[in-house]
Amino acid sequence: MALGTTTTTTRVAVLGGILLFFALVLNVSGNLVFSVNHKFKGRDKQVSLSALKEHDARRHGRLLAADAAVDLQLGGNGHPSEAGLYFAKIGIGSPPKDFHVQVDTGSDLLWVNCAECENCPTKSNLGFKLSVYDTKSSSTSNKVTCDQEFCTSTLDGRLPSCKPNMLCNYNIAYGDGSATSGYYVKDNIQLDKVTGNHQTTSTNGTVVFGCGAKQSGNLGKSPAAVDGILGFGQANASIISQLASSGKVKRQFSHCLDNVKGGGIYAIGEVVEPKVKNTTPLVPNMPHYTVSMKTIEVGGDAIELTTDIFGLFGDRKSAVIDSGTTLAYLTPEVFEPFMKKIFARQSGLKLHTVEEQFTCFEYSGKVDDGFPIVKFGFKSSASLTVYPHDYLFRLRDNVWCSGWQSNSMKSKDGKSMTLLGDLVLSNKLVLYDLENQAIGWTDYNCTSSIKLKDDKSGQAYSVGAHNLSSASSRIMGTLLTFLLLLIAMLQILH
């Protein structure tokens with residue numbers, strides 16, 4: 001009986017230790033963030049490939065001090081065999097509530113799902129709990145009406161049907177038939193202001209964003225659902241433009257997307273290290289980040305580009321830079337000769353098509369040794385290099401697939417489009433200098449750090465990489481190890 005009493009007491013003590021351990025872990029980490037799983041965990045990966053293209057189709061307190069540098073916590077992975085997107089965590093409202101939103105340079109509006117939303121997703125396999133914005137739960141929330149300046153400027157004039165207290169509505173339709181609609185709201189957005197080397201302080205800025213009241217198509221049922229989209233486009237309605245127009249930040253931002261480990265760097269402010277010398281001017285008066293393309297080389301061999309082959313902007317050979325697109329899309333005229341050169345050195349490969357659109361094959365060697373480097377040349381002698389390990393992704397074991405796609409999407413005037421997404425942008429520091437209307441990039445280790453200039457102090461501060469999944473993985477790994485040890489102890493005590 002004495003032995004039984006001792007064993008029971010010991011078990012109670014062990015269980016108490018468990019509770020204390022969990023309490024300490026949760027307290028240290030704040031909101032426990034779980035690892036970012038494969039976008040289609042538990043599903044056939046062939047299904048995931050189609051969904052990646054569907055995703056690409058539908059794409060298509062204290063105030064911030066003046067010129068502050070801002071650090072966005074990043075998660076996700078743009079690699080086609082991983083998450084297929086990158087997301088940032090931001091706080092909205094008073095008190096602030098966390099939202100995980102996809103970062104997207106190909107769109108302008110920040111929108112999040114709202115409490116009254118119809119057909120909004122209720123769960124995601126990206127490792128976080130979905131949130132909804134409730135105007136009644138934020139003391140600083142104000143709905144934007146149709147007669148307010150933001151609405152009239154966004155809609156290019158006052159609505160003829162505008163009446164007192166009528167809300168200013170938004171409606172965005174995507175290429176795959178998905179759509180989001182709702183109304184505009186003004187509220188505080190909580191961001192991390194850079195205050196020192198790898199140091200930030202939470203600060204607020206006031207912005208107008210979309211309150212999603214209805215989602216349709218894939219926006220309401222995607223397994224990799226997020227709380228909304230954070231558009232970093234050039235329009236006046238974008239977050240970067242709103243904050244810059246009020247003197248809070250400069251119209252400069254950068255990202256370094258890591259498709260190896262996930263996450264990376266996403267920051268607002270002037271980058272002083274590394275120096276980005278490889279820049280090209282943006283095509284003026286365009287809705288997207290558009291650059292003039294001069295050449296395409298595959299393994300040193302040039303692809304012939306006929307006049308107006310890109311077609312989108314008169315006689316300019318142009319391409320759209322879009323971090324919200326997962327893959328890379330070439331015009332049909334370029335795609336066929338391009339792919340022939342990609343596989344020219346591997347004539348013995350047995351190519352097969354997955355989902356009627358992805359070119360796949362078996363290969364056991366190192367892809368960087370067996371396939372050519374691709375180089376895009378742009379105006380002002382800028383060039384962008386894409387390595388085989390960037391444009392080829394492993395489907396399973398020794399089966400690889402190409403991320404290059406023939407673009408069937410057309411511009412409004414029916415011309416073919418070239419879209420360069422995460423496939424070519426990952427593992428590079430990409431700088432968007434809207435003040436000087438230029439974009440640049442350099443190969444970079446996206447797990448390291450960059451330096452941003454703080455205009456107020458004149459100092460340059462280091463901003464490191466984030467991976468919302470890796471931190472949680474370490475926590476979960478520690479928990480798993482502890483639980484395994486606990487099970488062993490209880491078996492011994494039994």
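## Disulfides and nonpolar cores

Cys-360 and Cys-401 are both buried, where buried means under 20% relative accessible area, exposed over 50% and partly exposed in between (1.4 Å probe, protein chains only). The model is predicted: local features need pLDDT of at least 70, side-chain atom pairs count only at pLDDT 80 or more, and totals for chains, interfaces and linings use all residues. Residues are numbered from 1 along each chain as its sequence is written, and side-chain values use heavy atoms, with hydrogens and water left out.

Cys-360 and Cys-401 form a disulfide, a term that stands for a pair of cysteine sulfur atoms within 2.5 Å. The pair links distant parts of the chain, with Cys-360 in strand S19 (residues 358-362) and Cys-401 in strand S23 (residues 399-402), 41 residues apart. Helices (H or I, at least four residues) and strands (E, at least two) are DSSP runs numbered from the N terminus.

| Disulfide | S to S | Angle about the S-S bond | Hand |
|---|---|---|---|
| Cys-117 to Cys-120 | 1.7 Å | 80 degrees | right-handed |
| Cys-146 to Cys-162 | 2.0 Å | 85 degrees | right-handed |
| Cys-360 to Cys-401 | 1.9 Å | 100 degrees | right-handed |

Cys-117 is buried at 17% relative accessible area, and Cys-120 is buried at 15%. Cys-146 has a value of 1% and Cys-162 one of 11%. With the bonded cysteines numbered in sequence order, the pairing reads 1-8, 2-3, 4-6, 5-7, 9-12, 10-11.

The protein chain has 494 residues, of which 54% count as buried, and its secondary structure comprises 9 helices and 29 strands.

The largest nonpolar core has 74 residues, and Phe-338, Phe-376 and Trp-404 touch the most other members. Such a core is a set of buried Ala, Val, Leu, Ile, Met, Phe, Trp, Tyr and Cys residues joined through side-chain atoms within 4.5 Å. Helix H5 (residues 332-342) gives the most to this core, with 5 residues. Domain 1 (60-268) and domain 2 (276-443) both contribute residues, so the core lies between them; the domain bounds come from an automatic or database domain assignment.

The buried residues of H5 are Val-334, Phe-335, Phe-338, Met-339 and Ile-342. Seen down the axis of H5, they fall within an arc of 120 degrees, so they line one face of the helix; the arc is taken from the directions from the helix axis to the C-beta atoms.
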